[in-house]
Amino acid sequence: EMQLVESGGGSVQAGGSLRLSCAASGFTFEDYALGWFRQAPGQERVGVSCISSSDGTTKYKDSVKGRFTISNNNAKNTVYLQMNSLKPEDTAVYYCAALKTDCQGFVAAWGQGTQVTVSS
């Protein structure tokens, strides 16, 4: 069974930083891209960033470019999202996802989500 478990969410003031982690199990890590999505109250879930486990190619939502960095550790089957210079509009539930087979692929599994709250 594919499993994704997020951690690292919390509450910070604007300008602060958080690092999200997503531990994956139950599938071959290198066969999937790992992505981060977020969903704010009353809004749709949107993609934030994605990394290909096979070649390390990364993608970012325009509004987070230069502030967020996605990385992975294939040996630990873990993907990270380093979030710096956080803004109140980054407040959302952040979800980790496994995409088959690249960042344009379909979502094969979701994590349970972790709340990120940024206060002004």
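Colleague: Before we look at this predicted model, what makes two cysteines a disulfide?

Modeller: A disulfide is a pair of cysteine sulfur atoms within 2.5 Å. In this predicted model, the sulfur atoms of Cys22 and Cys96 are 2.1 Å apart, so that pair is a disulfide under the 2.5 Å cut-off.

Colleague: Why is the disulfide of Cys22 and Cys96 called left-handed?

Modeller: The torsion about its S-S bond is about -80°, so the disulfide is left-handed. Cys22 lies in strand S3 and Cys96 in strand S9, so the link ties together parts that are 74 residues apart in sequence. Both Cys22 and Cys96 are buried.

Colleague: How many disulfides does a search of the whole structure find?

Modeller: Two. The other pair is Cys50 and Cys103, with sulfur atoms 2.0 Å apart. That link is left-handed too, with -95° about the S-S bond. Cys50 sits in strand S5 and Cys103 in the loop between S9 and strand S10, so parts 53 residues apart in sequence are tied together. With the bonded cysteines numbered in sequence order, the pairing reads 1-3, 2-4.

Colleague: How do you know whether Cys103 is buried or exposed?

Modeller: Buried means under 20% relative accessible area. Cys103 has 18% relative accessibility, so Cys103 counts as buried. Cys50, at 7%, is buried as well.

Colleague: What makes strand S9 largely enclosed by the rest of the structure?

Modeller: Seven of its nine residues are buried, so S9 is largely enclosed.

Colleague: How do you know that S9 pairs with S4?

Modeller: Two strands pair if DSSP finds at least two bridges between them. S4 and S9 have seven, in the antiparallel sense, so they pass that test. Arg38 stands opposite Tyr94 in S9. Ala98 stands opposite Ala109 in S10, while Val93 stands opposite Gln115 in S11. A hairpin of five residues joins S9 to S10.

Colleague: Which residues have the most contacts inside the largest nonpolar core?

Modeller: That core has 28 residues, and those with the most contacts inside it are Leu4, Leu34, Trp36, Leu81, Met83 and Tyr94. S3, S4 and S9 are among the strands that each supply at least two of its residues. Apart from it lies another core, of six residues, including Ala33, Cys50, Leu99 and Cys103.

Colleague: What makes Trp110 partly exposed?

Modeller: Its relative accessibility is 38%, so Trp110 counts as partly exposed. The rings of Tyr95 and Trp110 have centres 6.3 Å apart and planes at 80°, so that pair is edge-to-face. Tyr95 is buried, with a relative accessible area of 13%. Ring pairs link Phe37, Tyr95 and Trp110 into a cluster.

Colleague: Where does the charged end of Arg45 sit?

Modeller: It sits over the ring of Tyr95, 3.6 Å from its centre. The charged end of Arg45 also sits over the ring of Trp110, 4.4 Å from its centre.

Conventions
Residues numbered from 1 in each chain as written. Predicted model: local features only at pLDDT ≥ 70, side-chain atom pairs only at ≥ 80, totals over all residues. Heavy atoms only, no water. Helix = DSSP H or I, 4+ residues; strand = E, 2+ residues; numbered from the N terminus. Buried < 20%, exposed > 50% of the residue type's maximum accessible area, 1.4 Å probe, protein only. Core = buried A, V, L, I, M, F, W, Y, C linked by side-chain atoms within 4.5 Å. Phe/Tyr/Trp six-rings, centres within 6.5 Å; stacked < 30°, edge-to-face > 60°. Lys NZ or Arg CZ within 6 Å of the ring centre and 35° of its normal.
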